[in-house]
Amino acid sequence: MRQAMTDAEAAASIGEVPVGALVVRAGVVIGRGYNLRETSNDPTTHAEMIAIRQAAGHIGHWRLLDCTLYVTLEPCVMCMGAIILARIPRLVFGCRDPRVGAAGSIYDFSRDDRFNHKVDVTEGVLGEECSAQLSGFFQELRARKKAARALSGQDE
């Protein structure tokens, strides 16, 4: 999870929401990613999606049957869909996403009997640290926006 947090910090350094993800197979990282939505102008470039694509390319197959995905923030509906479609058996995430989380917060795709694949979920790994990383980023973002408004005279 610490490696995913390092990748999340890389995202924050370029103005992206700090989420990092790793796909691990037999103890080796075979895919990694961090959010690039703002940079790429592509709504599908979430950390998980990038890591899954890279892992599938690495092994030459779309089924990631013996892999674990580590991500700093609970995946959204799109990313949980990709996890299920890639047949990833295990997901480990840091903190919940109460707005759009699809591994227990808003939805729980990991245990939905209507899907042909179940995902074993472990949550809360370095959860407080992952949450603090996100909170710090958004606090700083709000402060920068407020300062910019004040400079332009819009805060009067």
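## Pocket, salt bridges and a surface patch

The largest pocket has a volume of about 470 Å³. Its lining is made up of 20 residues, and those closest to the centre are Val17, Leu73, Asp97, Arg99 and Leu134. The model is a predicted one.

Which helix gives the most to the lining of the largest pocket? Helix α5, residues 127-152, does, with four residues.

**Salt bridges**

The count of salt bridges comes to eight.

| Glu129 | Arg2 | 2.6 Å |

Take the salt bridge between Glu129 and Arg2, at 2.6 Å. Glu129 sits in helix α5, while Arg2 sits in helix α1 (residues 2-13), so the pair ties together parts that are 127 residues apart in sequence. Helix α5 also supplies four residues to the pocket lining. Is Glu129 buried or partly exposed? Glu129 counts as partly exposed because its relative accessibility is 36%.

With a relative accessible area of 45%, Asp66 is partly exposed. Arg25 is partly exposed as well, at 32%.

Glu123 belongs to strand β5 and Arg96 to the loop between β4 and β5, so the contact ties together parts 27 residues apart in sequence. Glu123 is partly exposed, at 39% relative accessibility. Arg96 is partly exposed at 38%.

**A nonpolar patch on the surface**

Which residues form a nonpolar patch on the surface? They are Val77, Ile106 and Tyr107. Together they have about 260 Å² of accessible area. Tyr107 is found in the loop between β4 (90-95) and β5 (120-123). The loop between β4 and β5 also holds Arg96, the partner of Glu123. Why does Tyr107 count as partly exposed? Its relative accessibility is 45%, and partly exposed residues fall between the 20% limit for buried and the 50% limit for exposed.

How values were computed:
Residues are numbered from 1 along each chain as its sequence is written. This is a predicted model: local features need pLDDT of at least 70, side-chain atom pairs count only at pLDDT 80 or more; totals for chains, interfaces and linings use all residues. Side-chain values use heavy atoms; hydrogens and water are left out. Patches are made of residues with over 30% relative accessible area and no salt bridge: like charges are joined within 9 Å, nonpolar side chains (Val, Leu, Ile, Met, Phe, Trp, Tyr) within 5 Å. Accessible areas come from the Shrake-Rupley method with a 1.4 Å probe; for residues, only the protein chains shown count as cover. A salt bridge is a side-chain nitrogen of Lys or Arg within 4 Å of a carboxyl oxygen of Asp or Glu. Helices (H or I, at least four residues) and strands (E, at least two) are DSSP runs, numbered from the N terminus. Buried means under 20% relative accessible area, exposed over 50%, partly exposed in between (1.4 Å probe, protein chains only). On a 1 Å grid over the protein atoms alone, a cavity is a set of points where a 1.4 Å probe fits but cannot get out, and a pocket is an open set with protein on both sides within 12 Å along at least five of seven lines; lining residues have an atom within 4 Å of a point. Grid points are joined across faces, edges and corners, and a volume is the space filled by probe spheres set on the points.
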